[in-house]
Amino acid sequence: MFSPDFVTGIERLIRSELVNFVGYTASKAPETLKGKTEVPVEGIIKLDANENPYGCSPKVNQALATYPSLNIYPDSGQTELRNLLAGYAGVGAERIVASGGSNQLIDLLIRLFVGPGDEVINLVPTFDVYRFSTQIHGGTVVEVLRDKNFAVNVKAVKAAIGKKTKIIFLANPNSPTGNITPQKDILEILDTRLPVLVDEAYYEFSGKTVMPLVSQYENLMVLRTFSKWAGLAGLRIGYGIFPPRIADYLLTIKIPYNVNVAALVAVRESLKDVDFLLDRVKVILAERERLFTELKKLKWLKPFPSRTNFIFCSVLNGKASELQQKLQDKGILVRYFDQPLLKDAIRISVGKPEHTDALIKALQEIGEERNV
Ligand SMILES: Cc1ncc(COP(=O)(O)O)c(C=O)c1O
């Protein structure tokens, strides 16, 4: 892009390693597409960020509507929040740290462990924020390739470990591919004794967790979020489970008041309504199976089995970027990938049944236009 030699003005004083930095590609906000789709903004079907199509618990909306103290800072030490989250996760509060979305904790963990020249092992293709935050902090990403079904190659992980390795990131289930890593592989990675972050952003959909292992492995850290199962992506609330000493360090280096009071209220109310929210998770899981069956009927897409609230598909005929654009024109947003490791693939979040119907109809029309 730019060479530091051509950068002038105050720009020449920014950290030179960030001059060509590749940012994270975030999902599109529907309002930015005004006038660019065949449907009005209100009609856009958003299947690009694995949000919960049913929204949050109604208890959250009710409590926020009458919350009296927005003028007062939250408790920076997160006392009530940590206790609430500890109760839900089934661990002691001394292990919990909360953040404005689990993304923020990924960044914080990297700040804690990774300095310039340190290495982070990333099991690619995977969630791009691990790369993003590592590079921002001057660390080096060591990529270990997953196999053709996106399974982790544990032998290759061990071979990639060097003197500068500081942390291993494992999204489980993985994003954007949706598959799970078996516990025996995770145990083998934990036996390296390096810090391991198991990112369980989709835990409530997968039902698989390493949480029972946290007291046995002092190098195990687990990441969770309220964005997906609890429908709170817009409010930004995530948390992690850490060895107590690491939790203390994270609380010390985080910015003050990193979780807002609305998020605390939302957690309090969501946790009063867990059964209701988990019933909705079941509805989403049933819809995922229907979506998978429907996608399979389209011979030009190859959907992969998923343990999450999204389905990853290879596009067997044509370019994923064109498919994404055609769907967007029709008012349906999906995520596409066109990188060396993820050539021509799309990721579709599971929506409501009517969203599946609209998506499949649009895909059939696009397929007919393409004569496939
Ligand atoms: C694997 C994974 N981890 C973490 C996140 C971040 O979630 P949030 O910052 O909304 O808690 C996501 C979001 O898509 C994800 O897919």
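Colleague: Leaving aside its neighbours within four places in sequence, which residues is E119 in contact with?

Modeller: E119 is in contact with T140, V142, K164, T165, K166 and I167, where contact means heavy atoms within 4.5 Å. This is a predicted model, where local features need pLDDT of at least 70, side-chain atom pairs count only at pLDDT 80 or more, and totals for chains, interfaces and linings use all residues. Residues are numbered from 1 along each chain as its sequence is written, and side-chain values use heavy atoms, leaving out hydrogens and water.

Colleague: How far is E119 from A160?

Modeller: Their C-alpha atoms are separated by 9.9 Å, and the two residues are 41 apart along the chain.

Colleague: Is E119 buried, partly exposed or exposed?

Modeller: Its relative accessible area is 22%, so E119 is partly exposed (buried is under 20%, exposed over 50%, partly exposed in between, with a 1.4 Å probe and protein chains only).

Colleague: New topic. How many residues are in the largest nonpolar core?

Modeller: That core has 78 residues, and F226, L295, L301 and L363 have the most contacts inside it. A nonpolar core is a set of buried Ala, Val, Leu, Ile, Met, Phe, Trp, Tyr and Cys residues joined through side-chain atoms within 4.5 Å.

Colleague: And what is L363 in contact with, leaving aside its neighbours within four places in sequence?

Modeller: L363 is in contact with L295, L298, W300, L301, L323 and L327.
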